[in-house]
Amino acid sequence: MTSSPRFAFLASIAEEAQAARSELVDLHGDHAPDEADVLVPLGGDGFMLQTLHRYGELGKPVYGMRQGTVGFLMNHYSADQLAERVQAAKPSVLRPLEMMAETDSGARVRSLAYNEVSLLRQTRQAAHLSIELHGQRRLDELICDGVLVATPAGSTAYNFSAGGPILPLDTQVVALTPIAAFRPRRWRGAVLKADTEVRLRVLDPYKRPVSATADSHEVRDVVQVTIRESSEHTVTLLFDPEHSLEERMLTEQFVGG
């Protein structure tokens, strides 16, 4: 990367994010995402995920700055010395999950998930699911509100709230976590190798409909969902050395409340 990288400043619709973008553009100029060296999203984690889904194929490093409610994937905001901060930043390479969802109408929908793929019941009826790993049935029937598969980067989000483990980035594993499991009541999920193919089947899709969501992309009335780590897609997030993603994930495990 050059000592004077070209930036593409991207902002959420929040007023403070738009104001920050104007300030940064005045100081550093602005380029189209496909012409920039670094993408700089301004917002919260939700906007960061939007940026990754929209521009991840460009292969540009992403240095986010927090101008939103939740900013686990963001650096603190400062308009000054941006080039120096980016040069000193520590990279974290993320590999998303690929979801293939099949619906009761026969449609097949593909989507990427940088945080997690989750299955959730659509009605008051609990979901009845089976779980297969690499084609082998591991759990005949899980009665629950849902289940999710989380990446290490996403393990501190919905996965952690559901009682799943926080995963270090360099472990090459994913978390398979039930959401409000009723049967088997004691099953707390599993930690799997990242290249494991997970297939979740809906056992009674008409009486107990289920939706599948890859980050924010929802597919309703699914009958089967296959999840695997992508072999083709990666994104590189840049973090200030004193607030690296690894350090944030470690700190998260020692903070109560």
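This is a predicted model: local features need pLDDT of at least 70, side-chain atom pairs count only at pLDDT 80 or more; totals for chains, interfaces and linings use all residues.
**Group meeting: pocket, cavity and some local geometry**

The largest share of the lining of the largest pocket, four residues, comes from β4. Residues are numbered from 1 along each chain as its sequence is written, and side-chain values use heavy atoms, with hydrogens and water left out.

Back to the pocket. Its space comes to about 320 Å³. There are 20 lining residues, and those closest to the pocket centre are V93, L94, R95, L169 and Q172. Both β4 (90-94) and β11 (173-179) supply at least two residues of that lining. By type, the lining has 12 nonpolar, four polar and four charged residues. In that scheme Ala, Val, Leu, Ile, Met, Phe, Trp, Tyr, Cys and Pro are nonpolar, Asp, Glu, Lys and Arg are charged, and the others, Gly among them, are polar.

On terms: the search runs on a 1 Å grid over the protein atoms alone; a cavity is a set of points where a 1.4 Å probe fits but cannot get out, a pocket is an open set with protein on both sides within 12 Å along at least five of seven lines, and lining residues have an atom within 4 Å of a point. Points are joined across faces, edges and corners, and the volume is the space filled by probe spheres set on them.

The structure holds one cavity of 30 Å³ or more. What lines the largest cavity? The residues are L39, T51, L52, Y55, G56, K60, V62 and V235. Helix α2 gives the largest share of this lining, three residues.

Helix α2 (residues 45-55) also contains D45. UniProt lists D45 under "active site", in an unreviewed entry; such annotations may be inferred rather than shown by experiment, and the positions are given in the numbering used here. Is D45 buried or exposed? D45 is buried, at a relative accessible area of 14%. The cut-offs are under 20% for buried and over 50% for exposed, with partly exposed in between, using a 1.4 Å probe and protein chains only.

V40, in strand β2 (residues 38-43), is buried at 0%. D34 sits in the loop between α1 (15-28) and β2 and is exposed, at 52%. D34 and L58 are 24 residues apart in sequence, with 6.6 Å between their C-alpha atoms.

Now the rings. There is one aromatic pair: F7 and F9 have ring centres 5.6 Å apart and planes at 35°, so the pair is tilted. The rule takes rings of Phe, Tyr and Trp (its six-membered ring) with centres within 6.5 Å, and calls planes under 30 degrees apart stacked, over 60 edge-to-face and the rest tilted. F7 and F9 are both buried.

R183 lies over the face of F182, 4.4 Å from the ring centre; this requires NZ of Lys or CZ of Arg within 6 Å of the centre and within 35 degrees of the ring normal. The peptide bond from R183 to P184 is cis, with omega near -10°. P184 is in the loop between β11 and β12 (190-193), and A180 lies in the loop between β11 and β12. A180 has a positive phi, about 50°, although it is not a glycine.
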